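Subject: A structure for you to look at

Hello! Here is the structure I promised to pass on to you. Have a look at it first, and my notes follow below.

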Amino acid sequence: MSSTTTTTTISGPEILRLFPDDVNPSIIGSGAAQSSSGNDLEGYDEEQIRLMDEVCIVIDSDDKPIGSGSKKICHQMVNINKGLLHRAFSVFLFDPQGKMLLQQRATEKITFPDMWTNTCCSHPLGIPGETGVTLEESIMGVKRAAVRKLDHELGIPPAQVSIEEFKFLTRIHYISPSDGKWGEHEIDYILFIQPKAPVTLNINPNEVQDTRWVTPEDLKSMFSDSQLKFTPWFKLICQSMLFEWWDHLDSGLDKYLNETEIRRMLEPPKVEA
């Protein structure tokens, strides 16, 4: 694992200067060179390699779009350490009784394989409907992306997770290495959703190897189990506000919604080897 866990925040014009062949100045675009070429993805799962060609939204530290770049480019530590930053989201889905759905990432995943995390963690893409410049537009974009990814990863039908049911809480800016080559540097939109009826799961084994519905006490017990590994962003959120938000799921959550300030969490927790 790389010992580098800090990054330099630089401007949009500087990002475009540093990555002329990798960052497309158009937010909606096809990205740059195909990620499936080259040797840096040799040996990984074929489907996960294909997904590295998805187009992420490249942003500055104020969450303003600069352009677009492939998922591969955005997750390479060599680029992250130069300041490359992209937009993401984390969904926390609860059942009608208030239990939260966790997933364990598949072994095939290129970043953070086998780790437990919140319900769904992914990216809005540089495609119509998922981008945004203003905060309001961007929130709507990540909600649409969340519906897409809940279906892709967990097989939850879009009709069971309507956009209107998602609640936006805040954004966190964090950086975490996965290993010496790959990592995350994101501004992550935190979304809660508690559908009125139970959702149907049909998990995609290439994305998710296990799921659990947990209470706060269950989750704390999991954290005390040294055999279990958790994604760094999930640990950051749990160590800061998750349990307080969870306590107010049924009453009083409104006071935590729609934060406009970005929470800076740039000192990552230790990632287990």
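**The loop around Ser 178**

Ser 178 is found in the loop between strand 7 and strand 8; helices (H or I, at least four residues) and strands (E, at least two) are DSSP runs, numbered from the N terminus. Before going further, please note that this is a predicted model, in which local features need pLDDT of at least 70 and side-chain atom pairs count only at pLDDT 80 or more, while totals for chains, interfaces and linings use all residues. Residues are numbered from 1 along each chain as its sequence is written, and side-chain values use heavy atoms, with hydrogens and water left out.

Is Ser 178 buried or exposed? Ser 178 is buried, as its relative accessible area is 15% (buried means under 20% relative accessible area, exposed over 50%, partly exposed in between, with a 1.4 Å probe and protein chains only). Not counting residues up to four places away in sequence, Ser 178 touches Thr 111, Phe 112, Pro 113 and Gly 183, where contact means heavy atoms within 4.5 Å. Ser 178 and Pro 113 are 65 residues apart along the chain, and their C-alpha atoms are separated by 8.8 Å.

Most residues other than glycine have a negative phi. Phe 112, although not a glycine, has a positive phi of about 50 degrees. Phe 112 is found in the loop between strand 4 and strand 5 and is buried, with a relative accessible area of 1%. Asp 114 also lies in the loop between strand 4 and strand 5, and has a positive phi of about 70 degrees without being a glycine. At 30% relative accessibility, Asp 114 counts as partly exposed.

**Strand 8 and its partners**

Strand 7 (167–177) and strand 8 (183–193) form a hairpin with five residues between them. They pair in the antiparallel sense over nine bridges (two strands pair if DSSP finds at least two bridges between them). In that pairing, Ser 176 has Glu 184 of strand 8 as its bridge partner. Strand 8 also pairs with strand 3 (residues 86–93), here in the parallel sense and over eight bridges. Arg 87 stands opposite Ile 187 in strand 8.

How many residues of strand 8 are buried? The count is 11 of its 11 residues. In a regular strand the side chains alternate between the two faces of the sheet. Both faces of strand 8 are covered, with buried residues including His 185 and Tyr 189 on one side, and Glu 186 and Phe 192 among those on the other.

Strand 4 (residues 100–105) and strand 9 are joined over six bridges in the antiparallel sense, and Gln 103 has Thr 211 in strand 9 as its bridge partner.

**The cores**

A nonpolar core is a set of buried Ala, Val, Leu, Ile, Met, Phe, Trp, Tyr and Cys residues joined through side-chain atoms within 4.5 Å. The largest one has 33 residues, and those touching the most other members include Met 100, Phe 192, Phe 234 and Trp 245. Strand 4, strand 7, strand 8, helix 6 (216–223) and helix 7 each give two or more residues to this core. Helix 7 provides the largest share, 10 residues. Leaving aside its neighbours within four places in sequence, Phe 234 is in contact with residues including Phe 92, Met 100, Trp 116 and Leu 219. A second, separate core has 26 residues, among them Ile 59, Phe 89, Val 142 and Ile 156.

**Cysteines and the record**

With a disulfide taken as a pair of cysteine sulfur atoms within 2.5 Å, the count comes to zero. Cys 120 is in no disulfide, and the nearest cysteine sulfur, that of Cys 121, is 6.5 Å away. Cys 120 counts as buried at 0% relative accessibility, and Cys 121 is buried at 12%.

Lastly, UniProt lists residues 84–236 for "domain: Nudix hydrolase" in an unreviewed entry; UniProt positions are given in the numbering used here, feature names are shortened, and annotations may be inferred rather than shown by experiment. In the model, the end C-alpha atoms of residues 84–236 lie 20 Å apart, and the span is 22% helix and 31% strand.

Happy exploring!
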